[in-house]
Every structure is written in C-alpha cells, then in structure tokens.
Amino acid sequence: MNHPRPKARLSRALGIPLTRKCVQYLERRPYPPGVHGRARRRTSDYQVRLLEKQRLRHQYNVSEVQLRRAFDEAARGAGRTGDTLVALLERRLDAVVHRAGLARSIYQARQLVAHGHLTVDGRKVDRPSYRLRPGQVVAVRERSRQLPPFQLAATGANADDGPGRPYLSVDLTGLRATLLREPARHEVPVVCDEQLVVEHYSR
C-alpha cells in the first residue's frame with residue numbers, strides 16, 4: 001500500500017520512526033509536522049486511541065480495511081484480542097520478509113513480494129497479505145537471488161531489523177526463513193498499545 005505522505009512527515013505525526021532513515025528526522029524534530037506542530041493541543045480519549053490504531057496500521061503498512069478485517073478475526077478467536085491481532089499481522093508474508101532481514105523496511109518487503117521475488121514452500125506468492133502458517137518456508141526465487149537488494153540482505157545489512165526473532169528460523173546466506181510458531185506479543189518489536197486499538201474498534 002502506497003502512502004502519498006513522505007515517511008519522515010508521517011513518522012513525526014505518529015511519534016515513531018517508520019524506517020531507519022526516519023530516526024534522524026524524528027530526533028531533530030520530535031514534534032508533529034505543520035505550523036502548529038509544537039503548540040500544545042488538548043487530547044481526547046478518542047484521539048489517543050486513534051493514534052495507537054494509526055501507529056499499528058502504518059508499522060505494518062496495511063489499509064484500514066485490512067486492519068479492520070484482522071481485528072474482526074482476532075475478536076472471534078480465543079485469547080486476548082490485542083495479542084491475537086498483532087500475531088495475525090506479524091504472520092503476513094511481507095512482515096515475515098521484513099523481520100527475517102530479507103528487506104530493509106516493510107515498504108521494501110511489500111514491493112519485493114508484489115513483484116514476485118519470493119516463494120512459500122517452493123511456490124511463488126505475490127500477495128503481501130498472504131498469512132503464513134507455522135512450518136512454512138519463505139525463500140527468494142533462484143532467478144532473483146542476484147538482485148542488489150537480496151545480495152545486500154545476504155551480507156546481513158538488514159540484520160538489525162530482523163534476525164533474532166525466536167519465532168523465526170533465518171538463513172540469510174541461503175536467503176530463506178521459516179516460521180517456527182505463532183509469535184508472542186512480547187517478541188514482536190511493534191511500538192503500540194494494542195489494548196487501545198481494541199478499545200478504538202470496540203467503541
């Protein structure tokens with residue numbers, strides 16, 4: 001999903017860096033964009049819950065419809081709705097590609113998947129929203145392995161973003177990753193109070 005707003009501006013509006021490059025912009029200007037960005041503004045309960053929902057949505061680069069559909073599914077399941085929601089989003093193919101270190105950002109991961117460079121259990125999958133099941137293997141197609149983004153990933157250039165997740169088994173040299181199990185909330189590096197997201201959709 002493409003967002004017309006520059007990532008740095010969006011990061012300042014959300015208060016969190018959406019990419020590595022945005023970190024320096026947020027540190028230099030840690031306040032919302034616009035003429036009145038530094039002005040004190042009264043915040044309502046609705047605004048606080050909406051901000052958390054937007055943070056979650058943009059960290060996974062999903063549309064409002066996709067997030068709402070994931071929430072409805074999480075609400076029907078067992079366990080805490082917020083934890084289940086994050087787990088469902090984390091099992092998306094583009095999210096796994098990003099966490100595994102095969103892409104430097106969720107935006108690049110989405111593009112690489114959509115362009116048909118990835119396979120799941122040996123079959124090409126070009127839907128970023130494809131949800132992986134435990135045991136499934138994600139790999140870069142043989143014909144795509146020589147492309148610069150994957151050559152860079154194989155050296156561990158994206159290591160800070162991905163490897164080290166206990167629910168993933170990653171082989172960067174082989175450009176593959178296996179989802180071992182359902183991710184637990186405390187293992188997912190997402191900056192968000194998911195309970196506020198649940199309250200937002202349950203109002």
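This is a predicted model: local features need pLDDT of at least 70, side-chain atom pairs count only at pLDDT 80 or more; totals for chains, interfaces and linings use all residues.
1. In what follows, two residues are in contact when heavy atoms of one lie within 4.5 Å of heavy atoms of the other.

2. Of the 203 residues in the protein chain, 49% are buried. Among contacts with a separation of 6 or more, 58% are made by residues 24 or more positions apart. The accessible surface of the protein chain is about 10,900 Å², and carbon and sulfur atoms account for 48% of that area.

3. The largest nonpolar core holds 48 residues, and those with the most contacts inside it are Leu 56, Tyr 60, Leu 85, Leu 93, Val 97 and Leu 118. Helix H7 (residues 106–114) gives the most to this core, contributing five residues. Val 97 can be followed in the model through its partners: leaving aside residues up to four places away in sequence, Val 97 touches Leu 102, Ala 103, Ala 109, Val 113, Leu 118 and Val 138.

4. Helix H3 deserves a paragraph of its own. H3 has 15 residues and spans 22 Å from its first C-alpha to its last, which is close to the 21 Å expected at 1.5 Å a residue. The buried residues of H3 are Arg 49, Glu 52, Lys 53, Arg 55, Leu 56, Arg 57, His 58 and Gln 59; one of these, Leu 56, is also among the residues with the most contacts inside the largest nonpolar core. Just after H3, Asn 61 takes a positive phi of about 55 degrees.

5. Which residue does the side chain of Glu 52 meet in a salt bridge? The partner is Arg 55, at 3.2 Å from N to O. The two residues are separated by about one helical turn, because Glu 52 and Arg 55 are three residues apart in helix H3 (residues 45–59). An α-helix has 3.6 residues a turn, so residues three or four places apart point the same way. Glu 52 counts as buried because its relative accessibility is 9%, and Arg 55 likewise counts as buried, at 15%, with the cut-off for buried set at under 20%.

6. A second pair, Glu 73 and Arg 131, meets through its side chains in a salt bridge of 2.8 Å, N to O. This pair links distant parts of the chain, 58 residues apart, since Glu 73 lies in helix H4 (residues 64–76) and Arg 131 in the loop between strand S2 (123–124) and strand S3 (137–140). Glu 73 is partly exposed at 30% relative accessibility, and Arg 131 is partly exposed with a relative accessible area of 28%.

7. In a further salt bridge, the side chains of Glu 187 and Arg 181 meet at 2.7 Å, N to O. Here Glu 187 is buried, with a relative accessible area of 12%, whereas Arg 181 is partly exposed, with a relative accessible area of 33%. Elsewhere, salt bridges that share partners join Lys 53, Arg 57 and Glu 64 into one network, and the structure holds 11 salt bridges.

Methods: Residues are numbered from 1 along each chain as its sequence is written. Side-chain values use heavy atoms; hydrogens and water are left out. A nonpolar core is a set of buried Ala, Val, Leu, Ile, Met, Phe, Trp, Tyr and Cys residues joined through side-chain atoms within 4.5 Å. Buried means under 20% relative accessible area, exposed over 50%, partly exposed in between (1.4 Å probe, protein chains only). Helices (H or I, at least four residues) and strands (E, at least two) are DSSP runs, numbered from the N terminus. Accessible areas come from the Shrake-Rupley method with a 1.4 Å probe; for residues, only the protein chains shown count as cover. A salt bridge is a side-chain nitrogen of Lys or Arg within 4 Å of a carboxyl oxygen of Asp or Glu. The expected span of a helix is 1.5 Å times one less than its number of residues.
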